[in-house]
Amino acid sequence: MLRIAGLAKRLGDFALDGVDLTVDDGEYFVVLGPTGAGKTILLETLAGIYSPDAGTIDLDGLDITRTDPKDRGIGMVYQDYMLFPHLTVGENIGFGLKQRKTDPARIRESVQETAALLGIGHLLDRTTGTLSGGEQQRAAIARALVLRPRVLLLDEPLSALDTVTRERLRRELKAIHRATGTTVVHVTHHFEDIFALADRVAVMQDGRIVQTGTPDEVFRKPATEFVAAFTGMENVYCGVSRVQNGEATIDLGEIVVRTVTAIEGDVCVGIRPEEVILSRRPFESSAANTFPGTVAEIRQNGMFSRVVVDTGLPFVAVLTRQSVARLGLVEGEPANVTFKASAVHVFRR
Amino acid sequence: MFPNRAALPRPSPFKAIFLAVSFCLIAYMLVVIAGLVVYPPLPALIESLLSPEILFAVELSLVTSAVSTAFCVIAAVPVAYSLARFSFPGRGVANTIFNIPLTLPPLVAGVALLIFYGPSTFGKMLSEWGLDVIYTPLGIIVAQFFVNLPYMVRVTRSAFETINPRYEHVARTLGCTEWGAFRQVTLPLARSGLIAGLVITWSKSIGEFGAVLMLAGATRMKTETLPIALFLNMSTGDLDLAVAASVILIAISVISLAVFERYTGGRGVF
């Protein structure tokens, strides 16, 4: 178990400001936060690159706050891979084992085994510059994994990749985590990552952890305005997607949503509150989704009102105060929820 | 369609004038340098090149420059790394101090060294230990080291600065000590820069005159490096030997410049 208490570190413009976190063994833990929140410093301090100004880091009951990075058993993968350009892919992956003075035959065996797990077994003799982004990222992960670290730190591992590669590598990360059981701390500013990967999530802002919980909790009950604004998707529900002729029907249990996506199986959908249209009566339009419900809550928030309509699932809509008055929306009265197929954002679970 | 300047049939007056100035100066420099090389008849040049005095100067220059360059490399690596990586109080001042010899006239550096190693307490102490710096070949090495260290520091620092420190961070999480990460990752990555710095430092120390003249003097067949040989023979009117020394210095500078450009990829570091 990785236990971080009161961790503080100031480094130029970036800072950690009293970070408390507990990551269980074998957990896939995602730290979500915008650029500049201090995510990379958090990882570098955990890895031992920087010595914290205050606070403690505890791994499996051992205080490692002042331990040398090489003795921590913590692996680190940077967003920009940091493969050593003067070594081949195979030498890169075997670098850590060589430091341990492992027998060369044993190194070759381990390197091949780990490279095969990541699907880069055929690239071992290549120089790192000839690899695609996805291949470089796999090599960087293999280089850390081959040492069987107690904790693997991933710094925005998917951000530098194109959409297709990102989606594929995301699934592979999940598979690798399942296969190795390594504890993973993954920092990202993409909230899509948490649905696909996270057992638990911490949301970070200005060097602090502002919320910790399961992905569901963080999205369903954002602890602060910041979390809500950052995640931006309040209407998040999970279900099963079935695709037919390019059109998807997603069964969320209480209701079935129609949209256009190629993603099938277990998914989550998110609909931004400003894309939800409310009306007193059903109306004919191009929008694919209309559900009858009851107004559960109306809350004033400056120029806008947040209206929650219960259609079996509670949908949050943002309306101007004038619209609320014009429609005559009242708590407890019926209302219809309408949104277009294109307003439905689908993520693989 | 916008007019495509490169596709215009003739260069614009602007481009023509600037290019003309450039080509005139290139021609001027080539003529001046080539004129020196072809000035003496070839047999006379060869005879001078093989004279005992020039051969002595070549040998002394090679030995002293090799030793002083080696010391420059050993000293510059930790200094350059510190300036590139660490933040410490007075870093800016340290940077400036290491650059002083770049702008200081070598003659002045030579006089300062002469006073430091001569009448000072330190100089007397060294002298008692049998290390005589003044007017000896050892003085040549001391002078070359002092004047050329900043070149090595500059090139090496610029090489370290282009290497992302995260390479070292990763190496340390993979089991390296700080020394190990430096030796196995940073040094190999800085290889080109180190070679470039080594070549330029070596070439500068072969050509060093002012500081050497002040500290080591100009004694024929004792502290006579190539530039000193050039100076001594010019002052005694022995033009053939002076030109021979010049030709060797030109060859060394052209070759080392080519090597330097190759290893820095043409990126200027000064």
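**A tour of chain A**

Start with strand β4(A): 2 bridges join it to strand β5 of chain A, residues 62-63, and the two run antiparallel. Keep in mind as you click around that this is a predicted model.

Stay with this pair and select A:Asp58. Which residue of β5(A) stands opposite A:Asp58? You'll find A:Asp63 there. Next, pick A:Asp60. The hairpin of β4(A) and β5(A) has 2 residues between its strands, and in this hairpin A:Asp60 takes a positive phi near 50°.

Now look for another partner of β4(A). Select strand β1 of chain A, residues 2-11, together with β4, residues 54-59: they pair in the antiparallel sense over 5 bridges. For a single spot along that pairing, show A:Ala8, whose bridge partner in β4(A) is A:Ala54.

Next, go to where the two domains touch. Here 5 residues of domain 1 of chain A are in contact with 4 residues of domain 2 of chain A. On the domain 1 side, select α6 (192-197) and α7 (215-220) of chain A, each of which supplies at least two residues. The largest share of that side comes from α6(A), with 3 residues. Finish by colouring the domain 1 side that touches domain 2 by residue type: you'll get 3 nonpolar, no polar and 2 charged.

Notes: Residues are numbered from 1 along each chain as its sequence is written. Chains are lettered from A and ligands numbered from 1 in the order in which they are written. This is a predicted model: local features need pLDDT of at least 70, side-chain atom pairs count only at pLDDT 80 or more; totals for chains, interfaces and linings use all residues. Two residues are in contact if their C-beta atoms, placed from the backbone, lie within 7 Å. Helices (H or I, at least four residues) and strands (E, at least two) are DSSP runs, numbered from the N terminus. Ala, Val, Leu, Ile, Met, Phe, Trp, Tyr, Cys and Pro count as nonpolar, Asp, Glu, Lys and Arg as charged, and the others, Gly among them, as polar. Two strands pair if DSSP finds at least two bridges between them.
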